[in-house]
Amino acid sequence: MWREIKENIDCVFERDPAAQTVFEVITAYPGFHALLIHRVAHFCWQAGFRWFGRFISHIGRWLTGIEIHPGATIGRRFFIDHGMGVVIGETAVIGDDCTLYHGVTLGGTSWNKGKRHPTLHDGVVVGAGAKVLGPIEIGEGARIGSNSVVLKSVPAGATVVGIPGHVIDPKTKKSDSERKKIAAKMGFDAYGTSDDMTDPVAKAINHMLDHMQAVDGRLEIMKKALKDAGIACPDQSIPEDDYKSDKLDEI
């Protein structure tokens with residue numbers, strides 16, 4: 001027990017640069033208190049004293065603002081930063097070295113008995129305000145962005161953002177970087193460079209940038225073909241002044 005308490009204190013210093021002293025962690029960190037209270041409540045729950053376990057967790061919720069059902073299974077070196085508003089359901093399973101921020105919900109999507117809450121494997125980090133719902137698996141080392149709503153299982157090492165949550169694809173990042181390059185050539189700050197945007201104007205700008213990128217690629221191929229055929233093709237840079245016209249402001 002003492003070794004586990006020491007591990008919990010050490011993990012606070014590893015993940016929270018604001019932590020100053022051991023005394024501060026022991027006396028002023030609600031996430032640390034909530035975990036200790038949950039260990040007692042979970043022991044009672046497992047031993048068959050379910051009302052008493054539930055009552056202990058209720059006291060812990062009142063003291064810390066963190067609600068952990070006594071039936072939840074939590075691994076070692078679990079850290080809740082800030083903690084206010086965190087809710088962890090009865091059948092939730094949390095592995096070792098996981099981190100939750102304030103406002104996180106590990107909830108269910110069904111009123112049926114049985115497994116109805118998520119399973120977080122080792123090393124998962126869930127950002128502030130995120131909702132992870134249903135009997136889904138969050139793979140080892142996965143990251144869930146703040147305010148995301150995750151309804152499907154997440155592979156190990158993946159990063160999830162959005163409502164509903166979706167895995168960030170490296171190809172999407174590459175596409176976004178190409179869009180930004182073209183926008184920079186035009187002297188235009190393309191506010192709609194993210195696929196997550198639902199604004200129809202943002203989507204239209206994205207399609208325009210994608211089209212321009214494809215045209216640039218074809219022109220490069222044509223220039224190379226002309227050069228290989230011995231036909232001179234002078235290089236000409238994009239006239240920035242023409243693109244930086246009042247027409248962009250109208251968009």
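Select strand β8 (residues 119-120) first: two bridges join this strand to β11, and the two run parallel. Strands here are DSSP E runs of at least two residues and helices are H or I runs of at least four, numbered from the N terminus; two strands pair if DSSP finds at least two bridges between them. The model is predicted, so local features need pLDDT of at least 70 and side-chain atom pairs pLDDT 80 or more, whereas totals for chains, interfaces and linings use all residues. Residues are numbered from 1 along each chain as its sequence is written, and side-chain values use heavy atoms, without hydrogens and water.

Next, pick Leu 120, whose bridge partner in β11 is Ile 138.

Move to helix α4 (residues 50-64), where Trp 51 and Phe 55 lie four residues apart, about one turn of the helix. The structure holds one aromatic pair. Ring centres of Trp 51 and Phe 55 are 5.2 Å apart and the planes meet at 10 degrees, so the pair is stacked (centres within 6.5 Å, planes under 30 degrees apart, using the six-membered ring of Trp). Trp 51 is exposed at 64% relative accessibility, while Phe 55 is partly exposed at 38% (exposed is over 50%, buried under 20%, partly exposed in between, with a 1.4 Å probe and protein chains only).

Finally, select Glu 7 in helix α1 (residues 2-15). Glu 7 is buried, with a relative accessible area of 16%. Beyond its neighbours within four places in sequence, Glu 7 contacts Arg 76 and Arg 77 (heavy atoms within 4.5 Å).

Note on methods:
Rings of Phe, Tyr and Trp (its six-membered ring) pair if their centres lie within 6.5 Å; planes under 30 degrees apart count as stacked, over 60 as edge-to-face and the rest as tilted.
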